[in-house]
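User: I'm new to reading protein structures. Please take me through this one step by step.

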Amino acid sequence: MKLSPREADGYFAKPDPSKTGLLIYGPDAMRVSLKRQQMLAALLGPTAEEEMRLTRMPAADLRKDPALLMDAMKAVGFFPGIRAVFVEDANDTAAPAVIAALEAWQQGDAQIIVTAGQLKATSKLRKAFEGHRNAYATGIYDDPPSRGEIERILGTARIRDVPGDSMSALVDIANEIGPGDFSRMVEKLALYKYEDSTPLTLDDIQAIAPQSTEAAVDDMLNIVAEGRGAEIGPLMGRLQAQGTNAVTLCIGATRHFRTLYTIASDPGGPAQGIGRLRPPAYGKRRDRLLRQAQSWGAFKLETALTLLTDTDLQLRSAGQTAPALALMERALIQLARLSRVG
């Protein structure tokens with residue numbers, strides 16, 4: 001039987017111990033893995049591994065010995081409780097062994113839990129679960145997590161006092177980063193708030209949220225936008241040592257100044273403009289962007305974007321012979337000087 005995404009969310013949280021099994025498939029291995037972990041934890045409880053009620057096997061092993069799955073499914077456990085056999089990374093080469101186990105399954109046998117990558121509708125494995133009267137199949141796709149899913153992840157981490165603005169920030173972050181990164185972020189957030197009973201604030205989230213891998217580039221953009229020209233040279237040396245590309249730096253600068261222009265040019269003023277940003281800015285970053293946009297103003301930001309566009313074209317020109325980073329450094333110094341013009 002097929003499970004729709006909405007039905008699947010409920011089933012992962014409260015699986016039926018009387019079912020034969022479940023196939024979870026999808027193109028994102030991390031998303032599939034997280035759903036499988038949630039489902040098995042809900043089905044078997046926290047002690048399944050140590051009580052040997054969960055048997056794991058790579059699907060590749062079934063090609064060599066198709067009887068492995070049947071034997072594990074029928075085996076009698078040493079401890080009472082629900083048992084499961086987890087078959088990982090399956091595809092249609094494992095279908096004969098899985099189909100045989102589905103057909104032979106009886107009440108009291110271990111549940112058959114299978115994960116797979118993207119499967120076509122014609123897949124033998126998918127058809128076997130979708131056509132079985134007592135088993136389920138569900139696809140996991142790249143849809144953003146629902147608010148309910150985020151609340152579940154927070155609840156598992158024992159983060160419960162989450163005001164509306166903080167929840168909105170978490171929803172935006174979850175939509176921007178992968179599910180694995182978001183789960184790890186929530187784990188760090190739980191440690192950060194350990195024995196702290198105060199509500200979760202935007203500053204708490206800002207302190208833990210994944211930072212750009214180009215932190216030095218972000219520093220450079222803030223230095224330029226704030227007119228601190230004397231700091232550009234030393235930081236440019238660090239960027240060059242890290243192998244930063246001049247075009248990449250130019251693209252980052254253009255994106256930053258375009259964001260400032262969006263804020264500064266809003267008909268309702270910068271304070272309203274920053275609220276329209278997508279993705280939104282929070283905490284100290286929001287305050288910093290707002291100060292920069294107010295300092296520059298829309299007119300000077302138009303001039304800055306023109307300068308950056310010209311620099312980008314020059315960097316990409318086939319006839320360009322001057323060192324690229326030197327050209328970019330000159331443009332950044334010009335921008336820093338422009339910021340101080342009244």
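User: How many of the five residues of strand β5 are buried?

Analyst: Strands here are DSSP runs of E with at least two residues, helices are runs of H or I with at least four, and both are numbered from the N terminus. Buried means under 20% relative accessible area, exposed over 50%, and partly exposed in between, using a 1.4 Å probe and protein chains only. Strand β5 covers residues 135-139 and is largely enclosed by the rest of the structure, because the number of its residues that are buried is five of the five.

User: What sort of model is this, and where does residue numbering start?

Analyst: It's a predicted model, so local features need pLDDT of at least 70 and side-chain atom pairs count only at pLDDT 80 or more, while totals for chains, interfaces and linings use all residues. Side-chain values use heavy atoms, with hydrogens and water left out, and along each chain, as its sequence is written, residues are numbered from 1.

User: Which residues of β5 point the other way from Ala135, Ala137 and Gly139?

Analyst: In a regular strand, side chains alternate between the two faces of the sheet. Ala135, Ala137 and Gly139 take one direction here, and the buried residues pointing the other way are Tyr136 and Thr138.

User: Which residue of β5 does Leu23 stand opposite?

Analyst: Strand β1 (residues 21-25) runs parallel to β5, joined to it by five bridges. Another five bridges join β1 to β4 (residues 111-116), where Leu22 faces Ile113. Over in β5, the residue opposite Leu23 is Ala137.

User: Is Arg31 buried or exposed?

Analyst: Arg31 is found in helix α2. Leaving out residues up to four places away in sequence, its contacts (heavy atoms within 4.5 Å) are Ile140, Tyr141, Asp142, Asp143 and Pro179. With a relative accessible area of 18%, Arg31 is buried.

User: And Gly319, is that buried or exposed?

Analyst: Gly319 sits in the loop between α15 and α16. Its C-alpha is 18 Å from that of Asn245, which is 74 residues away in sequence. The relative accessible area of Gly319 is 59%, so we call it exposed.

User: At roughly what angle do α1 and α2 cross?

Analyst: Axes are lines fitted to C-alpha atoms, for helices over the stretch in contact, and angles run from 0 to 180 degrees between N-to-C directions. The axes of α1 (residues 5-13) and α2 (residues 29-44) come within 7 Å, and they cross at roughly 45°.

Methods: Pairing = 2+ DSSP bridges.
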